[in-house]
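Here is a short briefing for a first look. Please keep the sequence and the model open as you read.

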Amino acid sequence: MRRAIALARRGEGRTRPNPPVGAVVVRGDSKLGEGFHRRAGDAHAEVVALEACRGQARGATLYVTLEPCCTHGRTPPCTDRILHEGLARVVVGCRDENGCHCGRGLEVLSKRGVEVVYGVCEEEARDLTRPFFKHVTTGLPYVTVKLAMTLDGRIADREHRAKWITGAAARAEVQRLRRRADVMLVGAGTVCADDPSLLCRLRGAGGADGLVRDTKESGASPAGVRSVPQAGLLRVVVDASGRTPAHAQVYTDAAAARTVVATTQVGAARKAAAWALHGAQVWTLGAADDGRVPLELLLKRLGAAGYLHVLCEGGGHLAGALQDAGLVDAYELFYAPALLGDSRAVGALEGRGTLLADVRRWRCVDVKRFGEDVRIRVRKA
Ligand SMILES: [Zn+2]
């Protein structure tokens with residue numbers, strides 16, 4: 001199951017609106033086949049693993065991170081294929097909480113004499129599918145907020161400089177985090193201060209610049225090679241008043257067409273045409289009374305477009321607004337062993353906030369060191 005989970009991780013951030021799933025077929029001590037779901041419309045993980053067995057899976061055991069589907073989607077039900085191949089045993093990480101499946105796949109298999117084991121490495125398997133489960137049950141994407149800060153909770157100094165608060169190991173972990181999401185969300189202040197590219201710089205996610213050279217779409221001419229961001233990745237900038245410059249990287253680089261500016265009528269009137277010059281999309285989400293972009297509406301729109309997992313990388317005002325609105329599902333908080341001790345420095349969450357009497361308690365799921373830095377991961381209980 002651990003191998004199946006590792007395989008599933010390779011599909012994370014690319015399978016929307018489907019969940020990432022991994023599968024391994026085993027007989028005795030030998031592995032017959034393995035696979036993972038690459039993208040919507042492609043074969044499910046179980047089928048990829050069974051194809052690799054070349055008809056030799058009779059009597060074998062299938063390990064799969066998520067309950068196999070038993071209904072016709074864009075591909076035929078995996079339970080049919082499992083029965084056809086004559087597997088003796090199916091070991092499942094977690095059940096499919098999607099209303100139309102929910103245990104039915106397991107029932108179909110056990111009724112036909114397949115031994116079904118359920119709940120192996122369940123926490124890790126469920127972790128993989130959390131964004132998918134939230135999306136199918138609420139229509140909204142899962143929201144993770146990542147913040148890198150000093151021990152006194154500051155994400156930038158009083159001159160709004162935020163670069164290199166944490167060390168190389170923590171920054172590498174952030175790259176892995178980006179790979180798992182399908183939307184990168186930042187506030188206008190972050191774009192103005194840092195001009196980030198928000199692309200994933202992991203090997204395997206694209207070139208050194210985080211872009212995947214897509215030769216298929218460009219035809220035979222090497223001069224016409226187009227660059228696109230890692231499959232499925234969308235960058236979203238929340239800019240209510242139109243203060244992010246049109247020459248920012250996210251609006252002008254080769255992946256500009258996969259950038260969305262979420263703004264109000266005020267911001268759109270000021271900048272829409274300039275932002276869209278290289279293909280960025282402008283979403284005018286009404287004119288909120290307080291001059292802010294209605295974040296729940298933005299998430300609904302992303303959910304409706306099939307996006308599963310939003311990673312917000314600040315700044316403090318956007319993170320604070322998400323927190324105030326109760327829209328955050330998980331936090332990844334990186335602490336560097338440094339203190340600014342400056343009341344003018346930028347806080348991690350610059351929101352309206354709450355009194356201690358009303359404070360929400362989160363569930364601490366992990367504490368880990370990255371070099372000199374510490375990451376605390378919490379999520380809604
Ligand atoms: Zn399936």
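Predicted model: local features only at pLDDT ≥ 70, side-chain atom pairs only at ≥ 80, totals over all residues.

Residues are numbered from 1 along each chain as its sequence is written.

**Sheet**
- An open sheet of 9 strands runs in the order β13-β12-β11-β8-β14-β6-β15-β18-β17, with mixed pairing.
- Strands (E, at least two residues) and helices (H or I, at least four) are DSSP runs, numbered from the N terminus; two strands pair if DSSP finds at least two bridges between them.
- β13 (281-284) and β17 (363-370) are at the edges with a single partner strand each, so one side of each has no neighbour in the sheet.
- Strands β11 (residues 234-238) and β12 (residues 259-263) run parallel, joined by 4 bridges.
- Arg 235 stands opposite Thr 259 in β12.

**Cores**
- The largest nonpolar core has 65 residues; Cys 312 and Leu 322 are among those touching the most other members.
- Such a core is a set of buried Ala, Val, Leu, Ile, Met, Phe, Trp, Tyr and Cys residues joined through C-beta atoms within 7 Å.
- A residue is buried if 20 or more other C-beta atoms lie within 10 Å of its own, exposed if 12 or fewer, and partly exposed in between, with C-beta atoms placed from the backbone.
- A second, separate core of 34 residues includes Ile 5 and Val 24.

**Helix α11**
- Helix α11 (residues 316-324) is mostly covered, with 7 of its 9 residues buried.
- Gly 326 follows α11 and has a positive phi, near 70°.
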